[in-house]
Amino acid sequence: MLEKLKKWWAPKAKIPEKWLNMPLAEIPFLCIDLELTSLDLSATRILSIGWVEGKGKQIELQSCFYQVVSTTASLNQSPVIHGLTAEEIAQGQPVRIALEALVKYASSHVWVFHCTGLDMTVLNGVFKKLNIPLPTVVTLDTLRFGLYQLTKNLRPPPPNAVVLPVCRARYNLPAVPAHNALDDAMATLELLFAQIQKFAPKNSDTLKSLLVTDAIEVFAATTE
């Protein structure tokens, strides 16, 4: 995965000042989730994509977006894992429609994922394939955030300690349906707000205060 990231993206860029010093309560977040045909980054295809906006620890329900993506790729175990059948996939929309809508949020929101490296690698590959220019994106990874909180006492976390349901359980957040892109996006955003409340509860805390967690990453598209 690291080699693919090097291939797709330039070296780490600096966080734009407008985000770095912005109070966390004022940052518009866009939480995104993808459902994929597999974890093989050389062959995987997007089956569905969901996102939701949030700000000031409030989820903006009217912003919810969900789209099943049409593909002719092998579904592998997707019908079992994601519950999406071949018929539903055949009736889906082209991935371009979703990505042309998504790219409009690149400069206006901090993108949130639970495993940024995976989803951003897939997204950038598709953006490039479709010749859709993607500006620099600032991202926040709830998986890395959770990993930092677990390992700051220098103890290695137990297996599966940073999967989304387990991370949520540590904050007494309720169980939610898994493997639906929109449900997972909303669940991840709830987790982020809980993580922020515990780690940086002051209204004056800025994005800069989260740098120590290694959860923030800036992706600048390459010209190669």
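These are my notebook entries on a predicted model.

**Ground rules**

I number residues from 1 along each chain as its sequence is written, and I use heavy atoms for side-chain values, leaving out hydrogens and water. The model is predicted, so local features need pLDDT of at least 70 and side-chain atom pairs count only at pLDDT 80 or more, while totals for chains, interfaces and linings use all residues.

**Entry: strand β1**

I started with β1, residues 29-36. Strands here are DSSP runs of E with at least two residues; helices are runs of H or I with at least four, and both are numbered from the N terminus. Is β1 enclosed or open? I found 8 of its 8 residues buried, so the strand is largely enclosed by the rest of the structure. Buried means under 20% relative accessible area, exposed means over 50%, and partly exposed lies in between (1.4 Å probe, protein chains only).

F29, C31, D33 and E35 are buried on one side. L30, I32, L34 and L36 are buried on the other.

**Entry: the sheet**

Which strands make up the sheet? I noted 6 strands in an open sheet, in the order β3-β2-β1-β4-β5-β6, with mixed pairing. Two strands pair if DSSP finds at least two bridges between them. The edge strands are β3 (58-68) and β6 (216-219), and each pairs on one side only. The twist averages 25° from one strand to the next.

I went through some pairs.

- β1 and β2 (residues 46-55) are antiparallel over 8 bridges, and I32 stands opposite W51 in β2.
- β1 and β4 (residues 110-113) are parallel over 3 bridges, with V110 in β4 as the bridge partner of F29.
- β2 and β3 are antiparallel over 7 bridges, and E53 stands opposite E60 in β3.

**Entry: helices on the sheet**

Helix α5 (residues 95-102) packs on the sheet and touches β1, β2, β3 and β4. Contact means heavy atoms within 4.5 Å. The direction of α5 makes about 20° with that of β2. Axes are lines fitted to C-alpha atoms, for helices over the stretch in contact, and angles run from 0 to 180 degrees between N-to-C directions.

Helix α6 (residues 116-129) also packs on the sheet, touching β1, β2, β4, β5 (137-141) and β6. Its direction makes about 80° with that of β1.

**Entry: H114**

Where is H114? I found it in the loop between β4 and α6. H114 counts as buried because its relative accessibility is 15%. H114 and I32 are 82 residues apart in sequence, yet 8.5 Å apart in space, C-alpha to C-alpha.

Leaving aside neighbours within four places in sequence, H114 contacts several residues, including D141, V163, C167 and T188. I also looked for polar contacts: pairs of N or O atoms within 3.5 Å; within protein, one must be able to donate a hydrogen and the other to accept it, and residues adjacent in sequence count only if both atoms are side-chain atoms. The side chain of H114 reaches the backbone oxygen of V162 at 2.7 Å. A polar atom of that side chain lies 3.4 Å from the backbone nitrogen of L143.

**Entry: helix α9**

I checked the length of α9, residues 181-199. At 1.5 Å times one less than its number of residues, its 19 residues should span 27 Å, and the end C-alpha atoms are 27 Å apart, which agrees. N180 caps the N-terminal end: a side-chain oxygen lies 3.1 Å from the backbone nitrogen of L182.

**Entry: cysteines**

How many disulfides are there? I found 0; a disulfide is a pair of cysteine sulfur atoms within 2.5 Å. C31 is buried at 0%, whereas C64 is partly exposed at 30%.
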